[in-house]
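Welcome! Take a moment to look over the protein chain shown here, and then we will walk through it topic by topic.

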Amino acid sequence: MNSPVSSSSQAPQTSAHAALAGRSASLRLLLTIHWVSSALCLVGMLLFAATGITLNHAGTIEAKAQVQRRQAALPPELLTELRAAQLTATRQTALPPGVRAWLAGEWQLRGLTAVAAEWSADEIYLPLPRPGGDAWLRIDPESGEIEYEHSDRGWIAWANDLHKGRHTGAAWAWFIDLIAVGSLVFSLSGLWILQRHAAQRAATWPLVAGGAVLPLLIILLCFH
C-alpha cells in the first residue's frame, strides 16, 4: 500500500506551478500588448518609415510645383458685406459668412472659418498653406477683385509634409502623438519579450547593443 504524499512535499510543487502559471500569464499579457500596439501603429509606422526615406532624399526627388491661378469679382451685395466687415475687423479676422459661402460654392474653398485673414486698407489677404503645396487668396476691398493661387508639389511632398506635421492641423498632430506613444509601447514590449527569451538566443543582446552603438558611432565620428 502506497504511503500518502506529505503536505511538505506538495508545497514546493504547488509554489512552482503557481510561479510558472504567473510567468505564463504575464508573457501572454505582454504578447497581447505587443501585437495590439503593432496592429494599431502598423499603417502609421509604414507611412513614417517610407517618408523618412523620401525626406532623406528630398533634394533628388523634388518635383516642380504645378501652379493654378484664378480671378473673379465679388457680387455687389457681398462686396457691401465685405466693406461693412472691414470697418470692425481687426488685423486678424475671418472673412464674413457670405463671402466664405460664395468662395466655397464658386471655387470649392472650404474651412475658411478657421482661417484668419490679414486685413488692411488696400487688400484682404488669406494665407492658405496645406500639405504638399501652398495657396493664397487676395481680395481688393475697393473693386471686389479676387485673386487666388494654388501650388501643388505632388504626392511625395504631400506625404513628406504629413511626416513633419506641416500645415496639417490639430487632429493630425494628435495622430502623430498617438503613433509615437504606440510605437514606444510596441518597442518596449518587444524589448521585454527579447529579455524573456534571451537565454535561448545568444545573439539577442549583441544585436541590441549593435543597434544602440551604431547610431552613437555615426554621431561621434561623422557629426562636426
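A pocket is an open set of grid points where a 1.4 Å probe fits, with protein on both sides within 12 Å along at least five of seven lines, and its lining residues have an atom within 4 Å of a point. Keep in mind that this is a predicted model. With that in hand, let us start with the largest pocket, which has a volume of about 240 Å³.

**The largest pocket**

- The lining of the largest pocket is made up of 14 residues, and those nearest its centre are Ala58, Glu62, Arg153, Ala157 and Asn160.
- Two elements give two or more residues to this lining: helix 2 (58-61) and helix 5 (155-164).
- Which element gives the most to the lining of the largest pocket? Helix 5 does, with six residues.
- Sorted by class, the lining holds seven nonpolar, three polar and four charged residues.

**Salt bridges**

Here is an idea to carry through this part: side chains of opposite charge can pair when their charged atoms come close.

- The count of salt bridges in the model comes to six.
- Arg69 pairs with Glu149, and the closest N and O atoms of this salt bridge are 2.9 Å apart.
- That pair links distant parts of the chain, as Arg69 sits in strand 1 (residues 66-73) and Glu149 in strand 6 (residues 145-152), 80 residues apart.
- Is Arg69 buried or exposed? Arg69 counts as exposed because its relative accessibility is 63%, and the cut-off for exposed is over 50%.
- Another salt bridge joins the side chains of Glu123 and Arg138, at 3.7 Å from N to O.
- Glu123 lies in the loop between strand 3 (117-119) and strand 4 (124-127), while Arg138 belongs to strand 5 (residues 133-139), so this pair ties together parts that are 15 residues apart in sequence.
- The two partners fall into separate accessibility classes: Glu123 is partly exposed at 27% relative accessibility, whereas Arg138 is buried at 18%.
- Asp161 and Arg153 also meet through their side chains in a salt bridge, at 3.1 Å from N to O.
- Asp161 is buried, with a relative accessible area of 2%, while Arg153 is partly exposed at 27% relative accessibility.

- A nonpolar surface patch of about 890 Å² is formed by Val213, Leu214, Leu216, Leu217, Ile218, Ile219, Leu220, Leu221 and Phe223.
- One of these residues, Leu214, is found in helix 7 (residues 204-222).
- Why does Leu214 count as exposed? Leu214 is exposed because its relative accessible area is 53%, and the cut-off is over 50%.

**Positive phi angles**

- Gln108 has a phi near 55°, which is a positive value in a residue other than glycine.
- Look for Gln108 in the loop between helix 4 (97-107) and strand 3, where Gln108 is partly exposed at 47% relative accessibility.
- His167 also has a positive phi, near 55°, and is a residue other than glycine.
- Where is His167? His167 is placed in the loop between helix 5 and helix 6 (169-197), and its relative accessible area of 38% makes it partly exposed.

**Distances in sequence and in space**

- Ile156 is part of helix 5 and is partly exposed, with a relative accessible area of 24%.
- How many residues apart in sequence are Ile156 and Leu55? They are 101 residues apart in sequence, and their C-alpha atoms are 9.0 Å apart in space.
- Arg83 belongs to helix 3 (residues 76-88) and counts as partly exposed at 37% relative accessibility.
- Arg83 and Leu137 are 54 residues apart in sequence, with 17 Å in space from C-alpha to C-alpha.

How values were computed:
Residues numbered from 1 in each chain as written. Predicted model: local features only at pLDDT ≥ 70, side-chain atom pairs only at ≥ 80, totals over all residues. Heavy atoms only, no water. Patch = residues over 30% accessible without salt bridge, like charges linked within 9 Å, V, L, I, M, F, W, Y side chains within 5 Å. Areas by Shrake-Rupley, 256 points an atom, 1.4 Å probe, with all protein chains shown as cover. Salt bridge = Lys/Arg side-chain N within 4 Å of Asp/Glu carboxyl O. Helix = DSSP H or I, 4+ residues; strand = E, 2+ residues; numbered from the N terminus. Buried < 20%, exposed > 50% of the residue type's maximum accessible area, 1.4 Å probe, protein only. 1 Å grid on protein atoms, 1.4 Å probe; cavity = no way out; pocket = protein on both sides within 12 Å on 5 of 7 lines; lining within 4 Å. Points joined across faces, edges and corners; volume = space filled by probe spheres on them. Nonpolar A, V, L, I, M, F, W, Y, C, P; charged D, E, K, R; others polar.
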